[in-house]
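Try each task before reading its solution.

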Amino acid sequence: MTLAPNVFRDVVSQPEAVTELLRELNKETSVHHAWLFTGPPGSGRSELATAFAAALVCSEGGCGKCNACQMVRVGNHPDVQVLNTERIQISIDEVSEFIDKSMQMPALAKYRIMIVEDADRMQERTSNLLLKSLEEPPKGTIWMLCAPSEADLLPTIRSRVRRIQLKVPSVEAVAQLLVDKYEVPQGLALQSAAQAQSHVGMARRLATNATARDRRRQALLAVLSILDIPSALAASDSLVKLGESDGAALTAELDEQERNELLTRLGITAESKLSPSSRSQIKKLEEAQKRRATRSKRDGLDRILVDLMGLYRDVLTVQLGSGESLINIDLASEIAALAKDISQSQAIHAIEEIQKVRDRMDRNVRDIVLFDALAVALRRKAKR
Ligand SMILES: [Zn+2]
């Protein structure tokens, strides 16, 4: 087999998926026109789609260094279009505008690539609109959809795409990436990878950002401190504050990173004057960032809920004595104490209650109301 091009190097622990894409890139006939990348959040499905796109538009098959590869990486290649919504659902207007773009000829490369992140966020009517384009795209247009699983899409869509399935990378593989690429000490790398439950982006953030790590710990400690109703309400209040500030902080980090990447790519230093085209690109980025800000609070709260589910999963692990490693090894003694205080069915019930809040957050109920009810349900009642 040919050596994997550089653009695939950062895709963690997905050898089967990468091999299949390489086979496609190396074959004689033209590249298949519609793809579906499935995998849980953080497994790197959109990163893999982006790497595949770079391999298709780079004249050297994905060198990772040339202008084309860099433009794909920062999301500015004219022939690689990405639809990523900040909303709960992708609107029919967004999709129809995106389809219009798919009809245009490639500007620089041989292919025009249309990536739909979160393709599971389309309603049936919207999916049907996309169907025709997936079936017979203009020559050179390649669709890449990303979704958690195949089941999240309509069967009619599923039957028209070639599927690439990503696996959840192991905690060890994610930790190794943090050590190799970000020079994180081994112990912290393993702890962060476990806490992020192998979500690559989250693991990197926990490993490299002490404030984010501390917020996460504060949230778990708040829940561990719940005994009665007053302490439950106090905990709920801290959870909402921590979630919101973490959401805002993450957005600010991303905003700055994207801005710096764009400025570097445009060759702009602090002293240089902005050309009209640079100015318009910066404005476009700022608008996209503003749209994202509206979702960041929700995302911060959702991350806390995921962490809390991990906490109760740890409690169950201790109660069952399965010997599986804990997600929150740094809180092992607190978790052991909670595992003694509540029954297995209470731990399972807690996980269900947290999941319920995650589902309801999308439905315009005030967050504090949901979190208050959750915190009260998580009181350490006497074992039943
Ligand atoms: Zn290249």
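**Exercise 1. Find the order of the five strands in the open sheet, and work out which strands sit at the edges.**

Solution. Start with the order: the open sheet runs β2-β3-β4-β1-β5, with parallel pairing. Strands and helices here are DSSP runs numbered from the N terminus, with at least two residues (E) for a strand and at least four (H or I) for a helix. Two strands pair if DSSP finds at least two bridges between them. Now look for strands that pair on one side only: these are β2 (80-83) and β5 (162-165), the edge strands. From one strand to the next, the twist averages 20°; axes are lines fitted to C-alpha atoms (for helices, over the stretch in contact), and angles run from 0 to 180 degrees between N-to-C directions.

Before going on, two notes on the model. It is a predicted one, where local features need pLDDT of at least 70 and side-chain atom pairs count only at pLDDT 80 or more, while totals for chains, interfaces and linings use all residues. Residues are numbered from 1 along each chain as its sequence is written.

**Exercise 2. Which residues stand opposite tryptophan 35 in β4 and in β5?**

Solution. First, see how β1 is held. Strand β1 (residues 34-38) is joined to the parallel strand β4 (residues 141-147) by five bridges, and to β5, also parallel, by four. Next, follow the partners. In β4, tryptophan 35 faces methionine 144, while alanine 34 faces tryptophan 143. Over in β5, arginine 162 is the bridge partner of tryptophan 35.

Last, check the surroundings. Four of the five residues of β1 are buried, so this strand is largely enclosed by the rest of the structure. A residue counts as buried if 20 or more other C-beta atoms lie within 10 Å of its own, exposed if 12 or fewer, and partly exposed in between, with C-beta atoms placed from the backbone.

**Exercise 3. Where do the buried residues of α15 fall, seen down the helix axis?**

Solution. List them: in helix α15 (residues 367-377), they are Leu370, Phe371, Leu374 and Ala375. Seen down the axis, they fall within an arc of 130°, so they line one face of the helix; the arc is that of the directions from the helix axis to the C-beta atoms. Then ask what they pack against: α11 (229-266) and α14 (344-360).

**Exercise 4. Is aspartate 118 buried or exposed, and what about serine 225?**

Solution. Count neighbours. Aspartate 118 is in the loop between β3 and α5, and it is buried, with 21 other C-beta atoms within 10 Å. Its phi is positive, about 50°, although it is not a glycine. Glutamine 197, in the loop between α8 (186-195) and α9 (200-208), also has a positive phi of about 50° without being a glycine.

Serine 225 sits in the loop between α10 (210-224) and α11. Serine 225 is partly exposed, with 13 other C-beta atoms within 10 Å. Leaving aside neighbours within four places in sequence, serine 225 contacts Ser231 and Ala235. Its C-alpha atom is separated by 9.9 Å from that of leucine 338, 113 residues apart along the chain.

Notes. Contact = placed C-beta atoms within 7 Å.
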